[in-house]
Structure formats: structure tokens, C-alpha cells
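Hi,

Here is the structure I said I'd send over.

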Amino acid sequence: MPQYTLRVNNATHTVTAAADTPLLYILMDQLELKGPRFGCGLGQCGSCSVLVDGAETRSCITRVSAIQGKSITTLEGLPALYASQKRLAAPPEFHPVQQAMIEEQAPQCGYCYNGMIVKASELLSKTPDPTDIQIRSAMSGHLCRCGTYPRILKAVHRAAQSMKGGSR
Ligand code: FES
Ligand code: FES
């Protein structure tokens, strides 16, 4: 079985897996990360999302053989990524999107929130002050069976204000 060297949350891991093994299985089963979730397994719900070189990516349909040499950030790595983006001396406990989701009491069951937070962090890194339409458009590929979309919208706005140093 081939070996692959992966860069995950700024740490290097060597894993042994068949070439077509989904990245999600590596993250969950070999690296024992708790952020990415298995939802549909078909690239359609977003619960497995991670950032690959900063772009939100469905890890359930991404082969391990396709991501060698790329930088993978999971939910666990978002505070450190934010610290590097903002040149902070140390990572905060939570990424501002995570903090805003907590403050808005947004999740219900929470199953979709890995993907919601990963996607919102990607959005705000590119669009610091998004409109409602921009948020809805960016998040539209992420499904929440509990229907918490209005609170996600509020939380993303809250995070945007927080990242600018203001309040909402
Ligand atoms: S589990 Fe990957 S998109 Fe649903
Ligand atoms: S909070 Fe339950 S699926 Fe989104």
C-alpha cells in the first residue's frame, strides 16, 4: 500500500492508504480529528469540509493521492490559521467564526457546523464584510437539517464585525 505525506494543521503526517481513500477517512480514522464529519459521503452536504490551500474542499470525495504537497486545514486548525493571517502573537481559543456561532447560540444538533464554520472562514478571508446575499450564496452548498440558517447568517455578520475590530 502506498504512503502519502500530508500537511495537516501545520503538522506533517505520513499515512499508508490506497490511492483512492477519501481524505475524510484519513483525517477521522488515522489522524483522529473530530472536526470533519461524515454526512452524505457524496460531496453534497458539506459536513466533511476542510480547507485545502485555503479553498473549502469536500474531504469525502477528495482522494488522498490528490492532495500531496497541499496544505490542509481542518476545524481544529482554524484558530492558528487566523493567527497567521492576522499576524497575531498566538492563536485565539476560537476562530472568530466559531466564537460568533457560540455567541449567537447558532447550532442545534451541531452536525453541520464543521462545514458551516470552515466555509464561513473561507468566505470572510476573501470578503471581509459580506452582504446577506453573499453569505447565503457562499453557504448555499451546506445543508443544515435543523434549519438554523437565520442564526448562521447573524453569526457570520457578527464574525465579520469582530474580525474588523467592531461589534454588532
Ligand atoms: S459528507 Fe462530504 S459533502 Fe457530505
Ligand atoms: S444544526 Fe443540526 S444539522 Fe445543522
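A quick word on terms: helices (H or I, at least four residues) and strands (E, at least two) are DSSP runs, numbered from the N terminus. This is a predicted model, where local features need pLDDT of at least 70, side-chain atom pairs count only at pLDDT 80 or more, and totals for chains, interfaces and linings use all residues. Residues are numbered from 1 along each chain as its sequence is written, chains are lettered from A and ligands numbered from 1 in the order in which they are written, and side-chain values use heavy atoms, with hydrogens and water left out.

Let's start with the helix. H1 covers residues 23–30, and Leu-23, Leu-24, Ile-26 and Leu-27 in it are buried (under 20% relative accessible area, with a 1.4 Å probe and protein chains only). Looking down the axis of H1, these buried residues fall within an arc of 165 degrees (taken from the directions from the axis to the C-beta atoms), so they line one face of the helix. Their cover includes strands S1 (3–8), S2, S3 and S5 (71–73). Just after H1, Glu-32 has a positive phi of about 55 degrees.

Now the hairpin. S3 (residues 49–52) and S4 (residues 55–58) pair antiparallel over four bridges; pairing takes at least two DSSP bridges between the strands. Val-50 has Thr-57 of S4 as its bridge partner. Two residues sit between the strands, and Asp-53 in this hairpin takes a positive phi near 50 degrees.

Last, Thr-14 is in S2 (residues 11–16). The C-alpha atoms of Thr-14 and Gln-3 are 6.6 Å apart.

Cheers

Conventions. Buried means under 20% relative accessible area, exposed over 50%, partly exposed in between (1.4 Å probe, protein chains only). Contact means heavy atoms within 4.5 Å.
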